[in-house]
Amino acid sequence: MNQDELKAQTGKESVKYIKSGMIVGLGTGSTVRYMVDELGKQVQAGNLTNIIGVTTSSRTTKQAESLGITIKNLDDVDHIDLTIDGADEISDDFQGIKGGGGALLWEKIVANVSDKVMWIVDQSKLVHKLGKFPLPVEVIPFGSQHVFNRLEKKGYKPTWRMDGDKKFRSDENNYIIDLHLEEIDHPAALADELIHMVGIVETGLFLNRVNDVIVGTDEGPKVLHAR
Ligand SMILES: O=C(CO)[C@H](O)[C@H](O)COP(=O)(O)O
């Protein structure tokens, strides 16, 4: 199976964990697109009722609403039962890098208020150590060149996330800087260092946040329990 078929497999499989009446966090990305498509089908067929979705990006909101899934703002729900999201890398100890799609800030806020978090990935996302995938950090535009320079001085090999010939803007209108680290030896220490740099709003290090992972493999979907 190619990567896209594996993404479709895991996206579809994850909808089996959604039950009628649930408030569901809907992630962002190409794997999540398959999950939202399947959820829309189940809602339209009447197999899943009273589903409320809380989205992690304007892109996912648009897709979900077009499929007839009821969407509420995060602040209009008191909890989220289950969030299903993609990931860019997952290490042996279930730490993750997210934000390849630029939605890391809303994704982390939604994950934080979720009773359960499930990541859906194809097998290529499982790694021994984090860092091959560039680590995104979201920065406020004001003074962001100084944040960039500081990251460069630290040897973190930053690049601006681009959208054509302009800097990419997140749903909060912020910029994203990608750090090309290759290997992250101490994710928690790095996350702590970055989040304390003024101007950085959030990082793509998602540490101790996932409960279950569904991995798309050639032998079918595999479920891994993180905690
Ligand atoms: O974090 C994300 C978006 O900000 C995505 O979940 C992550 O980039 C995985 O995307 P895809 O399923 O397209 O590989």
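# Close-up views of the sheets, helices and ligand shell

**View 1. Strands β6 and β14 run antiparallel.** Strand β6 (residues 96-97) is joined to β14 by 2 bridges. The model is predicted: local features need pLDDT of at least 70, side-chain atom pairs count only at pLDDT 80 or more, and totals for chains, interfaces and linings use all residues. Residues are numbered from 1 along each chain as its sequence is written. The bridge partner of I97 is L205 in β14. Together with β5, these strands form an open sheet of 3 strands, in the order β5-β6-β14. Pairing in this sheet is antiparallel (two strands pair if DSSP finds at least two bridges between them). At its edges stand β5 (89-90) and β14 (205-206), each of which pairs on one side only.

**View 2. A second open sheet holds 7 strands with mixed pairing**. The strand order is β3-β2-β1-β4-β7-β15-β16. Both β3 (70-71) and β16 (222-225) are edge strands with a single partner, so one side of each has no neighbour in the sheet. Strands are DSSP runs of E of at least two residues and helices are runs of H or I of at least four, numbered from the N terminus. In all, the protein has 6 helices and 16 strands.

View 3. G53 has I71 of β3 as its bridge partner.

**View 4. Helix α2 packs against helices and strands through its buried residues**. The buried residues of α2 are T31, V32, Y34, M35, V36, L39, G40 and V43 (buried: 20 or more other C-beta atoms within 10 Å of the residue's own, C-beta atoms being placed from the backbone). Their packing partners are α1 (3-14), α3 (58-66) and the strands β1 (23-26), β4 (80-85) and β7 (114-122). A contact requires such C-beta atoms to lie within 7 Å. After α2 comes G46, with a positive phi near 80 degrees.

**View 5. Helix α1 packs against α2, β4, β7 and β15**. This packing is made by its buried residues, which are L6, K7, A8, Q9, T10, G11, E13 and S14. Across the protein, 46% of the 227 residues count as buried. Among contacts between residues at least 6 apart in sequence, 74% join residues at least 24 apart. The C-alpha atoms of the protein fill a box of roughly 55 × 35 × 35 Å, taken along the principal axes.

**View 6. The ligand is surrounded by 17 residues**. The closest are G29, T31, G86, G100 and G101 (a residue is near the ligand if its C-beta atom, placed from the backbone, lies within 6 Å of it). The elements giving two or more residues to this shell are α2 (30-44) and α4 (104-112). T31 is among the closest residues and is also one of the buried residues of α2.

Definitions and conventions: A residue is buried if 20 or more other C-beta atoms lie within 10 Å of its own, exposed if 12 or fewer, and partly exposed in between; C-beta atoms are placed from the backbone. Two residues are in contact if their C-beta atoms, placed from the backbone, lie within 7 Å.
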